[in-house]
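Subject: The structure, and what turned up in it

Hi,

Here is the structure I promised to pass on to you. Have a look at it first, and then read on for what I found.

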Amino acid sequence: MMKLIIDAINIFFFYYVFIYAIVFFISTISSVLELNEDIRKRKYFNRLSITSNDNYVPVSILVPAYNEESTVADCIESLAYQDYPDYEIIVIDDGSSDNTSSVVVDRFNLKKVAKPIRRVVECKNEESIYEGVINDKIKITLVRKENGGKADALNMGINVSNYPLFISLDADSILQKDSLTNIVMPYMEDDTTIAVGGNIKVSNSVVLDNGEVVRILTPKNLLVIFQTIEYFRVFLTTRVWFNKFNGNLIISGAFGLFKKSSVINVGGYDTNTIGEDMDLVVKLHSFYRKNKLQYSIKYSHKAICWSQVPEKYKDLKNQRRRWHIGLITSLYTHKYILLNIKYGLVGVFSFLYFTVFEMFSCIVDVFGLGVIILSYFLGFLNIDFLFTFLLIYIGYSIVISIAAIILENYSFKNTLNFKSIFIYIIFSVLESFGYRQVCGWFRLSGFFGYKKRKYQWSKITRKSQNKITNFENL
């Protein structure tokens with residue numbers, strides 16, 4: 001009897017991984033074809049279409065910050081070099097206990113002002129407001145407010161903003177000078193667009209100067225290497241594929257564009273979740289589908305945001321657990337969408353994919369592999385089954401990761417040198433032997449501590465952005 005039960009469990013895990021591998025393979029092939037077509041179209045792209053004063057739409061950039069004194073100034077300085085005609089910067093200090101506000105005020109010579117705020121979405125009260133101008137044309141506003149969490153800070157930013165489009169940007173992120181242009185472009189091309197996600201890249205080993213990448217170093221930290229491969233895989237495969245059928249459920253909180261009126265229609269960001277980025281996107285899908293309104297939620301791989309990833313084990317654990325709790329909360333809150341044909345492919349495919357292959361994949365990574373290996377040593381499993389499972393489990397991950405690395409280098413004009421490519425490929429093989437299971441355990445802990453931690457936002461360690469002056473003698 002025990003053997004039958006274990007065999008059934010093993011077969012279930014086998015087919016789960018097999019189907020997952022097929023889905024990922026299809027997404028990779030689709031992304032390769034889509035990105036190749038995009039590169040072909042770039043030859044005929046005319047930048048005058050967006051820089052013409054008759055065409056562009058002004059944008060508000062919202063930068064929520066909590067204890068970000070080491071990174072917030074670098075973030076703002078990168079925004080000063082955007083090649084976009086008209087935009088404003090709004091920094092929201094969400095009750096920081098460090099010198100975040102002082103750093104911004106002193107660095108950019110801001111002045112305290114008395115200014116009423118019209119609340120179109122709910123948020124906690126402001127304490128003080130500062131304003132100034134950088135580069136003689138870009139308005140910058142700093143709002144110091146009561147602590148309420150990132151979602152509440154973004155809602156404050158929406159209330160303060162003046163323009164019809166807004167961008168959410170993490171205070172530890174750096175934009176390239178063409179990032180704003182590239183993330184607005186899908187909206188310019190299609191007026192049904194209500195949100196656009198950007199392409200997040202790892203900044204820990206990148207040197208930027210005046211909005212341009214001047215050097216990409218090979219990471220020395222093992223966690224950074226593994227995460228860099230993950231980011232290649234996610235942002236150049238599944239998101240590009242889901243973009244084809246308006247099926248993306250996540251726009252990274254690190255960098256995303258939204259139509260302000262659409263966000264106001266759904267009540268702004270939900271302050272009762274730590275997964276406010278995914279929750280907002282799912283709410284937008286739900287609102288527009290329920291009301292039978294035409295809309296598009298898109299992803300632009302050319303809109304690049306450089307963001308720091310954890311370099312410490314504890315920080316990685318906190319981040320992955322927080323991400324998974326946010327995912328669980330969003331899927332549970334909007335469970336009515338699952339397999340509901342009224343929501344089209346969002347309900348019958350996207351939501352199902354995120355439920356089956358994102359929320360529960362950590363169980364296979366932690367327990368599935370362990371159960372199958374243990375079954376072999378207990379004599380319940382033959383060696384052919386074991387090797388077939390391992391070939392699929394490890395093989396598809398390696399193939400997809402290597403394809404993503406090559407695709408990254410091809411799509412962005414050979415930005416990776418041979419040494420970096422070689423190292424990333426080696427670690428693509430090693431990823432399945434420990435790192436993947438550790439991350440799976442971090443995500444799985446989100447289930448165990450869901451009720452206790454679903455409102456907790458664990459802060460991770462940040463450092464100052466790499467400067468060109470530190471590398472000019474290398």
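A word on contact before anything else: two residues touch when they have heavy atoms within 4.5 Å of each other. Please keep in mind that this is a predicted model, in which local features need pLDDT of at least 70 and side-chain atom pairs count only at pLDDT 80 or more, while totals for chains, interfaces and linings use all residues. Residues are numbered from 1 along each chain as its sequence is written, and side-chain values use heavy atoms, with hydrogens and water left out.

Let me start with E127. Leaving aside residues up to four places away in sequence, E127 touches R144, K145 and E146. The C-alpha atoms of E127 and K145 are separated by 4.9 Å, although the two residues are 18 apart along the chain. E127 sits in strand β4 (residues 126-134); strands here are DSSP runs of E with at least two residues, helices are runs of H or I with at least four, and both are numbered from the N terminus. With a relative accessible area of 47%, E127 is partly exposed. On this scale, buried means under 20% relative accessible area, exposed means over 50%, and partly exposed is in between (1.4 Å probe, protein chains only).

Next, the charged pairs. How many salt bridges does a search of the whole structure find? It finds 19, counting a side-chain nitrogen of Lys or Arg within 4 Å of a carboxyl oxygen of Asp or Glu. Here are some that may interest you:

- E34 pairs with K244, with the closest N and O atoms 3.1 Å apart. This pair links distant parts of the chain, 210 residues apart: E34 is in helix α1 (residues 2-42), and K244 is in the loop between α7 (222-243) and β11 (255-259). E34 is partly exposed, at 31% relative accessible area.
- K302 pairs with D38, the closest N and O atoms being 3.2 Å apart. Here too distant parts of the chain are linked, with K302 in strand β12 (residues 296-307) and D38 in helix α1, 264 residues apart. K302 is partly exposed at 24%, whereas D38 is buried at 18%.
- E212 pairs with K177, and their closest N and O atoms are 3.6 Å apart. E212 lies in strand β10 (residues 212-216) and K177 in the loop between β7 (173-175) and α6 (179-189), so the pair ties together parts that are 35 residues apart in sequence. E212 is partly exposed at 40%, and K177 is partly exposed at 30%.

There is also a network: salt bridges that share partners join D93, E127 and R144.

Now to the helix packing. Two packed helices are described by the angle between their axes and the distance between the axes. The axes are lines fitted to C-alpha atoms over the stretch in contact, and the angles run from 0 to 180 degrees between N-to-C directions.

Helix α1 and helix α11 (residues 344-359) pack at about 120°, with their axes 11 Å apart. They are therefore oblique to each other; angles under 35 degrees count as roughly parallel, over 145 as roughly antiparallel, 65 to 115 as roughly perpendicular, and the rest as oblique. From α1, Y16, I19, Y20, V23 and F24 meet Y353, V356, F357 and E358 in α11. By class, this contact has eight nonpolar, no polar and one charged residues. Nonpolar covers Ala, Val, Leu, Ile, Met, Phe, Trp, Tyr, Cys and Pro, charged covers Asp, Glu, Lys and Arg, and the others, Gly among them, are polar.

Helix α13 (residues 383-411) and helix α14 (residues 418-430) pack at about 160°, with their axes 8 Å apart. That makes α13 roughly antiparallel to α14. I398, S401, I402, I405 and N409 of α13 make the contact with I421, Y424, I425, S428 and V429 of α14. The residues of this contact divide into seven nonpolar, three polar and no charged.

Finally, a note on the backbone. Most residues other than glycine have a negative phi, and most peptide bonds are trans. N67 has a positive phi of about 55° although it is not a glycine. N67 is in the loop between β1 (59-65) and α3 (72-79) and is partly exposed, at 24% relative accessibility. N246 has a positive phi near 55°; N246 is found in the loop between α7 and β11 and is buried, with a relative accessible area of 13%.

Best wishes
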